[in-house]
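Here's a quick tour for anyone opening this structure for the first time. Have a look at the fold, then read on.

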Amino acid sequence: QIRSLILLESVSLGIMEPTAREPVATEPMAGGPREAVAAATEPAYEGVDTEATAESYDPRLRTLFLLGMGCLSSAFFLRAAMLVPEWLTALVTAGYLTGCLSCALASLPLAAPTLPKSSGPWIQTIWYVLFIGWCPVLAAFSVGYLHQDLIAGATCRSILHGILLGLLVMSAFFIWAAASDIVGKLGLQPLTEAGWASWSPPGFLVSTIGLIVFVYTCTHLLRGVETSVEASLDPVLRTTYWTLAALWLSSYVRILMTEPGRAPPDRFLPRMAPDATWTYCSLCKVCKPQRCRHCTKCDSCVLKMDHHCPWLRRCIGYENYKYFLVFLFYSVIALLFKAGTLLLFIAALWQQDLPIGSMFVLLFVAVLVLKLAAVLAVFFGFHMYLVSHGMTTVEYLIKKHNGRSERFDYNQSTFCNFQLALGSNPLTWCLPLWPPDGDGLSFQYTLLADMDEPVLIERSSKSSGLARGYSSLSRQEEPEKSTPCIESTEDPTCLENQHDTCIDADTAGLQLQDASVSF
């Protein structure tokens, strides 16, 4: 319904102009609100010459500009390859590959689509690598085949060999990124409707990890390589590697075997403040405690829901959030360890005359490991920020969207926030064991309101004994509304619009018990 109102509002504001003297349909149709909006806005494109607007030419101009600059850069370095001395070989090779990579990545923020329209951003980068990188190099090989004196020198052949190897790695990486983007979107569908497609992201993740582990431990199977990366480590580093692998694997298994925490069925929970109510989910038929949200991907209410992870095919909530953090921590440590040892191994083999296929596999896996380590490190840092501020991903996005937190602020001291997420004993924070204390139904909080005074609240909790916290209680007598819900996004955070399923518990006819609150 919110999407329908947004579309109808854009029609009324002139963003989408219907044809003259043709009223906009506002009656609900049999197919639902989406069909009604589609029927209402369908005439908006009649008689509109979209190609005549200046905006329609901007993407094409940006595309032509990037292609022109990229081709000029490639031609310059190819010409330099025929003239420079041997000690500038690495510089010319790096310059060619950097120009190609820069233009391909610059097409993402500049929104410069390729001339053959791409279905995704990473597929778009593949086209730029093809036009800017592969076409000039293949043209140089063709010219060299006809005029062998142009690339007869060993320096020129070495540069072209390095450029070819770099383009192979770059193309393979962008193909992997495009595949991960396509597979990741399959995991954003509801699990009951997606069927086998919901298993695509976990399968893609496992296959990527399997490739990295295989190359790391079975490197000696490549032509020209005598030993593997794992076998070349000294005993201390080898023990460290297998310890990290065991901790990573155990945390991954714990995530898969631990439910995120579900709202207890047929149980009416007490209010958290005298003027606040719980919310009732008409889909799950349960009364939801604070921080519990309905995930339409899993079709259930999750306690202290953080987000829905398509790569793990489950929600991350109160029960498995610690294992998720431990999994991210050991993933980053293990990937950085592999990246460092793999790059040292490649540097030792660089002076040898390895086949281009063996060097391509080693470089591609090294780039893949570095990319995954960087992304997961940023993601882990983001979750450390959330934990230190006592927030979940959903609550952070609501605060970012609204400019302030929801009515309840769960931020305590930094150490207390880490204890609530990882457990009371700091010595067990890095182990995939001993989940945090509590039941995920009640939390210490601060009630935010306008024109209020701080009041000391003492409330008893079954899980944590006597909880003390400062709360700001509004002086108004009118009852509070349900916890606000926000519109869904394509992000794998499962933020869903729950206005149709999230109502006041009192409205649903539930008799809620009052919490023991003393002032």
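## Where H11 meets H13

Helix H11 (residues 356–388) and helix H13 (residues 414–422) have axes that come within 8 Å and cross at roughly 110°. Helices here are DSSP runs of H or I with at least four residues, numbered from the N terminus, while axes are lines fitted to C-alpha atoms over the stretch in contact, with angles from 0 to 180 degrees between N-to-C directions. So H11 is roughly perpendicular to H13, a label for angles of 65 to 115 degrees.

On the H11 side, the contact (heavy atoms within 4.5 Å) uses Met384, Val387 and Ser388, and H13 brings Thr414, Asn417, Phe418 and Ala421. Sorted by type, that's four nonpolar, three polar and no charged residues; Ala, Val, Leu, Ile, Met, Phe, Trp, Tyr, Cys and Pro count as nonpolar, Asp, Glu, Lys and Arg as charged, and the others, Gly among them, as polar.

Is Thr125 buried or exposed? Thr125, in helix H5 (residues 121–146), is buried, with a relative accessible area of 0%. Leaving out residues up to four places away in sequence, Thr125 touches Ala104, Ser107, Leu108 and Phe174.

Phe76 sits in helix H3 (residues 58–81) and is exposed, at 55% relative accessible area. Buried means under 20%, exposed over 50%, and partly exposed in between (1.4 Å probe, protein chains only).

## About the model

This is a predicted model, where local features need pLDDT of at least 70 and side-chain atom pairs count only at pLDDT 80 or more, though totals for chains, interfaces and linings use all residues. Residues are numbered from 1 along each chain as its sequence is written, and side-chain values use heavy atoms, leaving out hydrogens and water.

Notes
Helix = DSSP H or I, 4+ residues; strand = E, 2+ residues; numbered from the N terminus. Parallel < 35°, antiparallel > 145°, perpendicular 65-115°, else oblique.
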